[in-house]
Amino acid sequence: MMISRTSQYGLTWLDIPETADQADSGYTLSENTSKSYSLNDGKTGHIFIESDNYPAMKCLLPEWSGRINLIYTDPPYNTGNSTFTYEDRRFLRHLPDGTHAEKNDPVRHSIWLSFMQRRLILAQKLLAENGCIFISISDEEYCRLRLLCDEIFGENNYVNDFMYLHGKGKKDKWSRTMEQHTICYAKDKKQLAEFAVEEKTDWAVSNIDRDERGPWFSGSISFTEKRSNSRHQNYFTIVSPSGRKWSRQWLCSRKEMDKLIEENRIYWGKEPAYDGVPRKKIFNGEMSRIIPRNIINSADSTREAQHHLDGILGEKNVFINPKPVNLVEHLLKMTQMSDDAVILDFFAGSGTTMEAVLHMNERDKGTRKCILIQSPEKTTGSEFHTIADIAYKRIKRIMTGYTGNGGKRIRGLGGSLAYYTVKTAPACSSELQEHSHNQ
């Protein structure tokens, strides 16, 4: 059987237009100075945009295209538990036959794909060449999202699916789902730095040089010669016991290296040649840098995350199922991005991402900048009128301090916030068209 090279493969769906489609230059950011604030502590300024994220991301492009180091975002999952329509003008009011897309209507996948495609195309443009994006997603749209991201970011730029074990899981008659997916794509995987996490060693069993401190294993302490930057301050030469010289960029300073050598913490390879690439000896009970696993079981549960958010806001369940702060911190830290990275979350929800960034800056005195985008979706039965209100109040309380659970006063982390809204533009046409994507 002859197979044509022109055979098509990929996603095909009914493209659902949005109001912002025809307004590439018709939207502008406008600062709401009554909500912007600075605590005059010299700490990093962050940005909050109250808006549908599609026009807001268009507004970011002129200044931020190619400058966002990392994106974490948690989009709507399209579970089908209710009609998949939006009442805030993100979509046209009706489908061609005038009806809404009900739970079992296949067109709801078209709505979701159209919705996500527009935003991910802009996200790809905003990312720096060495940047990456994390997208949380559930099973309902996982496979479609993977194919969509393969098209937008490139199949070769897929990094992994970092699965978060979130508590007791979601069950039906046949199984209990214990994980939520977090897929990761690079802008250009060839330029993306290696991921790493720190863990306490407890698996060392070898002691080939009979070190009196016990079993150890060796960990990398340098870049390869090809990847080393000869102009970097940590580029220098060390000499093995056999006299062989190693010139490369090291993961520590000259002073730290000299101490490691003095303490017999560098493994030079087997005696007597000592011709192996120098590596650091790591003993059980010590912290070491390792390649991160794609299963994350160290983050708080969804119940703990809910309790944390309720304590900040002083009201229960005003935002359901927030992501744990330490989950987002884990993802951000393992990328090894610089401490002045720019992080974007264009489905900000309750503002977890900015709280994670604020905590990271507090711990290591970094100057990471966070940009949040959240639409003013209405809430009910709460002092917070919209989800944007929830995120704004959460971030302000984290920065300025608040009284938490049990009346305990929580110290503010400082910082400043510029608060923007988006000026609207003319509505788009109501034409629908078949949208075919081929890989």
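Biologist: How far does helix α2 reach from its first C-alpha to its last?
Modeller: This is a predicted model. In it, α2 (residues 107-126) reaches 29 Å over 20 residues. That is close to the 28 Å expected at 1.5 Å a residue.

Biologist: Is α2 mostly covered or mostly open?
Modeller: Mostly covered. Of its 20 residues, 17 are buried.

Biologist: And α8, what span should its residues give?
Modeller: Helix α8 covers residues 387-400, which is 14 residues. At 1.5 Å a residue they should span 20 Å, and the end C-alpha atoms are 20 Å apart, so the two agree.

Biologist: How many residues of α8 are buried?
Modeller: 10 of the 14, so α8 is largely enclosed by the rest of the structure. Among the buried ones are D389, Y392 and R394.

Biologist: What follows α8?
Modeller: G401, with a positive phi near 100°.

Biologist: Which charged end sits over the ring of Y392?
Modeller: That of K35, 5.3 Å from the ring centre. Y37 has a charge over its ring too: the end of K396 sits 5.4 Å from the centre.

Biologist: New topic. How many salt bridges does a search of the whole structure find?
Modeller: It finds 21. One of them joins D209 and K281, with the closest N and O atoms 2.7 Å apart. D209 lies in the loop between β10 and β11 and K281 in strand β15, so the pair ties together parts 72 residues apart in sequence.

Biologist: Which network is K281 linked in?
Modeller: K281 is in a network of salt bridges with D209, D211 and R213. D211 forms a salt bridge with K281, also with closest N and O atoms 2.7 Å apart. That pair links parts of the chain 70 residues apart.

Biologist: Buried or exposed, what are D211 and K281?
Modeller: Both are buried. K281 has 0% relative accessibility. D209 is partly exposed, at 25%.

Biologist: What about R265, which side chain does it meet?
Modeller: E286, in a salt bridge at 2.8 Å, N to O. They are 21 residues apart. R265 is buried at 12% relative accessible area, whereas E286 is partly exposed at 24%.

Biologist: Last one. Which residues form a nonpolar patch on the surface?
Modeller: L165, M178 and I295, with about 210 Å² of accessible area together. L165 is found in strand β8 and counts as partly exposed, at 33% relative accessibility.

Technical notes
Residues numbered from 1 in each chain as written. Predicted model: local features only at pLDDT ≥ 70, side-chain atom pairs only at ≥ 80, totals over all residues. Heavy atoms only, no water. Patch = residues over 30% accessible without salt bridge, like charges linked within 9 Å, V, L, I, M, F, W, Y side chains within 5 Å. Areas by Shrake-Rupley, 256 points an atom, 1.4 Å probe, with all protein chains shown as cover. Salt bridge = Lys/Arg side-chain N within 4 Å of Asp/Glu carboxyl O. Helix = DSSP H or I, 4+ residues; strand = E, 2+ residues; numbered from the N terminus. Buried < 20%, exposed > 50% of the residue type's maximum accessible area, 1.4 Å probe, protein only. Expected span 1.5 Å × (residues − 1). Lys NZ or Arg CZ within 6 Å of the ring centre and 35° of its normal.
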